[in-house]
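Have the sequence and the model side by side as you read.

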Amino acid sequence: RVLAPLLLSFGEHEAAAALLAQYSNDTSAVMLCCGLLLSLAEHAEAEGEEEEEESQARAYSAFERLFACNWQACALLAATARGESPIPEQTVSELREARIAKLASAGGWPEVGGVSEAILLSEVFSGCAGVGGEEEEAEGTCEDAWPGLEGAAVWLSAMTLGKYGEAGEGGGCARPARASAARGDEKRHVRVLEAVLGEVFEELEMIVVEAAGEDDEEEGEEE
């Protein structure tokens, strides 16, 4: 669970795939997340229509598995993929320290499907789609996306938003206002996530809208 994200960050996709295959029985959100990001990277590198369709199908399937495991992880993964996080640093630090302490007792990750797991995941994969825009680029503070994940924030945001809508519209359900806590989640951490859920979904909307605007600009320049 520590090595897989590191391999993805360095673009070692074959090694990451081998590790995920070796631990295929590990259905924690962190491993499912690695599988999803690996699928997106493979899709970005696909050549030919058949390979693109197969890799896209794997990405859709991987997203569904992660969403079923921990929907909060999907939302936070998308919201933090460009490096910004709505979660207070103090909360992240507390959970990080607790995780490090648990490593000594063969633990390391919180209960699957809960708030603590989702918040820690958002830290592990923060910035995977690249950090900064034009302003940061001019200041030299940009960070490159992990190999193959340049457009991951847009895809993840669109997929997560697609799961929700106003009740009764498009088969979706209303966006959750409450977090899904797992055993071991502290109430104060649950309250922190619930306080920013609206902000998280607003960030996903902004990511999708900005991407659509950029596409429109590119089409206008081509014409």
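The report below goes from the overall fold to the aromatic rings, the salt bridges and a surface patch.

This is a predicted model, in which local features need pLDDT of at least 70, side-chain atom pairs count only at pLDDT 80 or more, and totals for chains, interfaces and linings use all residues. Residues are numbered from 1 along each chain as its sequence is written, and side-chain values use heavy atoms, with hydrogens and water left out.

**Overall fold**

The protein chain has ten helices and zero strands; helices (H or I, at least four residues) and strands (E, at least two) are DSSP runs, numbered from the N terminus. Of the 223 residues in the protein chain, 43% are buried, where buried means under 20% relative accessible area, exposed over 50% and partly exposed in between, with a 1.4 Å probe and protein chains only. Taking a contact as heavy atoms within 4.5 Å, residues 24 or more positions apart account for 69% of the contacts with a separation of 6 or more. The protein chain exposes about 12,100 Å², and carbon and sulfur atoms supply 48% of that area; accessible areas come from the Shrake-Rupley method with a 1.4 Å probe, and for residues only the protein chains shown count as cover.

**Aromatic rings**

Rings of Phe, Tyr and Trp (its six-membered ring) pair if their centres lie within 6.5 Å; planes under 30 degrees apart count as stacked, over 60 as edge-to-face and the rest as tilted. By this rule there are six aromatic pairs. In one of them, the ring centres of Phe-63 and Trp-155 are 6.0 Å apart and the planes stand at 85°, so the pair is edge-to-face. Phe-63 belongs to helix α4 (residues 49-69) and Trp-155 to helix α9 (residues 152-161), so the pair ties together parts that are 92 residues apart in sequence. Phe-63 is buried, with a relative accessible area of 0%.

Tyr-164 and Phe-201 also make an edge-to-face pair, because their centres are 5.5 Å apart and their planes at 85°. Here the loop between α9 and α10 (187-222) provides Tyr-164, while Phe-201 is in helix α10, 37 residues apart. Tyr-164 is buried at 12% relative accessible area, and Phe-201 is buried at 3%.

One aromatic cluster is formed by Tyr-60, Phe-63, Phe-67, Trp-155, Tyr-164 and Phe-201. The charged end of Lys-163 sits over the ring of Phe-67, 5.0 Å from its centre; for this, NZ of Lys or CZ of Arg must be within 6 Å of the ring centre and within 35 degrees of the ring normal.

**Salt bridges**

A salt bridge is a side-chain nitrogen of Lys or Arg within 4 Å of a carboxyl oxygen of Asp or Glu. The whole structure has nine salt bridges, including these:

| Salt bridge | N to O distance |
|---|---|
| Arg-175 and Glu-205 | 2.7 Å |
| Glu-194 and Arg-178 | 3.1 Å |
| Glu-186 and Arg-188 | 2.6 Å |

Arg-175 is partly exposed at 36% relative accessibility, as is Glu-205 at 33%. Glu-194 is partly exposed at 22%, whereas Arg-178 is exposed at 60%. A network of salt bridges links Arg-82, Glu-203 and Glu-210.

**Surface patch**

Leu-3, Leu-6 and Phe-10 make a nonpolar surface patch of about 320 Å². Patches are made of residues with over 30% relative accessible area and no salt bridge: like charges are joined within 9 Å, nonpolar side chains (Val, Leu, Ile, Met, Phe, Trp, Tyr) within 5 Å. Leu-3 lies in helix α1 (residues 3-9) and is partly exposed at 44%.
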